[in-house]
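Hi,

Here is the structure I promised to send over. Have a look at it first, and then read on for what turned up.

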Amino acid sequence: MAIGTPLHSRTEPLCHSYDWMQWSGYLSVSSYNDFVQPEYASIRNSAALIDLSPLYKYAVSGADAPALVDRIVTHDAAAMSAGQVVYTPWCDPSGMVRQEGTVFRYEEDRFEIYAAEPAFEWIRRNAVGYQVEVTDRSAEVAMLSLQGPHSRAVLNAATDGAIGGLGFFRCTPTRIAGVDVAVSRTGFTGDLGYEIWIPADEAVSVWDRLMEVGAPWQITPCGLVAMDIARVEAGLILISVDYVSSELAHTDDDLVTPYELGLGWAVKLDRGNFVGRKALRAAKQAGPRRCVVGLEIEWQPLEEAFMAADLMPELPMTVCREPVPVYSDEGRQVGRATSKVWSKLLKKYIALATLDADRAQIGSRVEMEVTVQYRRCRVAATVVDKGFFRPARMRA
Amino acid sequence: MSKSYDAIIIGGGHNGLTCAAYLGRAGRRVLVLERRHLVGGAGVTEELYPGFKYTVCSYVVSLLRPQIIADLELPKYGFELLPLDGTLTPMRNGDHLMRWHDAGETRLELMRHSAADAEAYEHFAMLMYHLGKAVRPMLSMTPPDPTSLAPATLAKLAEIARTFGKRTDYLYDLAKLMTMSSADFVEQWFETPALLGTLASSGIIGTFLGPRSPGSAYVMLHHYMGEIDGEFRAWGLPRGGMGAVSESIASAARAHGAEIRTEAGVERVLVKNGRATGVVLEGGEEIHAKVLVSSLDPKNTFQKLVEPEHLPEDFRTDIDRYKIRGSSGKVNLSLDALPDLTCLRHLSADQRIPYLSGAISISPDIEHLERAYDDAKYGRHSRNPYMDIVIPSLIDPTMAPPGKHVMSLFCAYAPYELAEGTWEDNREAFGDAVIDTLAEFAPNIKDIILHRQVLSPWDMEQQMGLTQGNIFHGELTLEQLFFLRPVAGYADFTTPLRRFYMCGSGCHPGGGIMGAPGQLAAQRIISDTA
């Protein structure tokens, strides 16, 4: 049986659609109302409040914490300052990505790692011989994500001005409604936003306080379906959707290096040994076999494909995760599109896709499969940078 | 100083700006001349009181062509449509009718009023889908002249016949919609008074017709044939108000090299030997161009900008006869709190929000609309007006300070020609009638109004240059649509003067923030001057 998150008593009465999904065994709101668009609009226009408690959260502390984290992830964790956050993949010894997530350095020797899939065993096994304490805090920490142009105003009001100056990818302890929380300027929307890490048994007080102070700014409880639209617009990949963990890969085709995910910038080779370093050096040398890119499907051919079937364009207003083939303009399959959505914001049909490296250059012309009235058609698309929407306010 | 351009566009409304953007995109040197201090015409956002932004006249988008949004990359320049979840019709007995975006929820709500209507509604929606699809190609074509036997024209007429020929059953429905009154049409489908009133009200927007006047059913179709992201009949709230839409088109135009000058009103068009050669600005400056384009309405264009001796007599008569009667007013309010609607009192404060986040229509039955029209017929503003209301700040926090709101009220009727007095004398009384009528359904409204702006048709004429305050640059009645818009023989964006074109809503396919007249005119100019 799935169970509620620490916020369930607040989210349940508001979920008028009764549309829940099961995430890591927890009930998570897909969308609070049948009409998802107002929730999505709150991410881009006001302040969206999203319960992301089911994330996995691991604490790594002790004298060897910097060394351990540094050994596991591809980013330079040892060089992180206290209060810094990095987004990084971590790999298996053959340089293939197990997962990606965020690493927080709260203090010199206190880190936390957050990920969408379990990683406790991986961290623990790598910790043998290190003077560290590795704790699975997943169930004891709730997390609320507050995203949107008014998120700073709302959070400032809730913390009496404490987070106004918090920089992009920084974290800090603070208090909301008398509860000790941590706040990071992170999120999965590509927008201005914050994530609030709260002791599970006090999460409800924080929710109540945010909803109260956020009312003048139209704070809106927001489900995962709306957030998914925003993350595709931001070009953020999702495990098990846009790539497969090396732990769960069935075939070699599923294995990916960080370079192939567009995360080469988070691989710092020139430092002490870390898991996969040697293989990654070789992978970097050899070049990617395939790349995760963005696709923009062209409006005119898309419209024509539907008009030819005497239909108005039928566009996915929420993210469709069913993979479809992508072809070169000569007709050969060169990859697959894995997260597809009509962005109402950008007025474009966009997708995240994995393409053979030789077709993955920005500007490359390809064709994505679109089914129109039971017929599989191919519609012209262009390879673009997957950061379809990254507003300046995200970093400001 | 006399700088020369490939094209000068008179008037910086959304069609003029669209025309400029397409011309710029085709490599032409374009200058847009706008009389006011800001572009947009009747599509403007103005902050008359600090923190409160009014989408002064036009307020929602549906008809803006997707091709234009894509071609001009408008989202890049700030264009964003926010979702309107539905339409609330408060009823006099304290009940309400709510139509949601979701078809299942709407069906359940309609069943509360009439099971027959609940079923009929889905068939009605299906009919509108097919009719919208049938007329859609006409929105991106220059109307063919049916009196012409030119092969290209015959081909176009054949194409239109083919489009309709595919679904002959819908052809009959289309013929009905073209000829009936909106009330008669919806009464063939439904019985719930609040549903009838609200649906029929789409037929009276911007037109001096009542719901029982033949021809109003077409106006209803006009408001149903818009699309957002492939969905017909969807209306969206532009983030930042309609001004943001106009500004996004202006930015696109500038990105394509167009020059836009504000506070540069044009006094007249210079004509030499039957050819337009340039303009004279108020203030005397002369600017020349190879092509002149007016985005102003046909009466402004031909009765003010061009001296009569340059136009043929029959053309001048046709323009005199062009119907452009103003029939609506606009009220914009700054509010201290949300309105407390009697019909929502049974809900908690949080539960009410979705009901207020779409359109609120004061159209409890057809009689309400028809009686409002009766007043207008005899030269009075309606004592109990029809209203189409949105609260932009509920969905778009940029429009009001935190915790406060703005409310946009489109109101009918307000006839341009008053039997007694002037609009300057009557304006506030009209505003009072609007508020008094709203107060019947939202008793706290007078207590929460911080500021009020009332625009009569006369105000719209004075401020925005809309002749007689008609919001569509001419009524959307069949005798002045398609190949008859604005006048017979000139439905192709040309005028009797060489090198002088029209690109505003007074051209096909008409008004409603479509952008199509601007785009089609640009296409014509580009091909004429290739």
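Why do the end C-alpha atoms of helix α19 (residues 516-528) of chain B agree with the span that its 13 residues should have? At 1.5 Å a residue the helix should span 18 Å, and because its end C-alpha atoms are 18 Å apart, the two agree. The expected span here is 1.5 Å times one less than the number of residues, and helices (H or I, at least four residues) and strands (E, at least two) are DSSP runs numbered from the N terminus.

Before going further, please keep in mind that this is a predicted model, in which local features need pLDDT of at least 70 and side-chain atom pairs count only at pLDDT 80 or more, while totals for chains, interfaces and linings use all residues. Residues are numbered from 1 along each chain as its sequence is written, and chains are lettered from A and ligands numbered from 1 in the order in which they are written.

Staying with α19(B), its buried residues include B:Leu520, B:Arg524 and B:Ile525. A residue is buried if 20 or more other C-beta atoms lie within 10 Å of its own, exposed if 12 or fewer, and partly exposed in between, with C-beta atoms placed from the backbone. The buried residues of this helix pack against β1 (4-10), α1 (14-25), α2, β14 (286-294) and β20 (500-502) of chain B.

Another residue of chain B to look at is B:Phe302, in helix α11 (residues 298-305). B:Phe302 counts as buried because it has 29 C-beta neighbours inside 10 Å. Setting aside neighbours within four places in sequence, B:Phe302 is in contact with B:Leu311, B:Arg316 and B:Ile319; contact means that the C-beta atoms, placed from the backbone, lie within 7 Å.

Now to where the chains meet. On the chain B side, 27 residues are in contact with 24 residues of chain A. The elements giving two or more residues to that side of chain B are α2 (66-71) and β5 (81-83). Its residues divide into 13 nonpolar, four polar and ten charged.

Chain A is divided into domain 1 (3-55 + 138-222), domain 2 (57-137 + 257-286) and domain 3 (290-392), with bounds from an automatic or database domain assignment. Taken over C-alpha atoms, the centres of domain 2 and domain 3 of chain A are separated by 33 Å.

Chain A also has an open sheet of three strands in the order β1-β3-β2, with mixed pairing; two strands pair if DSSP finds at least two bridges between them. The edge strands, β1 (3-4) and β2 (19-23) of chain A, each pair on one side only. β1(A) pairs with β3 (residues 26-31) of chain A in the parallel sense over two bridges, and A:Ile3 stands opposite A:Tyr26 in β3(A).

Elsewhere in chain A, strand β7 (residues 97-107) is mostly covered, with nine of its eleven residues buried. Eight bridges join β7(A) to β6 (residues 84-91) of chain A, and the two run antiparallel. On the other pairing, six bridges join β7(A) to β8 (residues 110-115) of chain A, again antiparallel. β7(A) and β8(A) form a hairpin with two residues between them.

Happy browsing!

Methods: Contact = placed C-beta atoms within 7 Å. Nonpolar A, V, L, I, M, F, W, Y, C, P; charged D, E, K, R; others polar.
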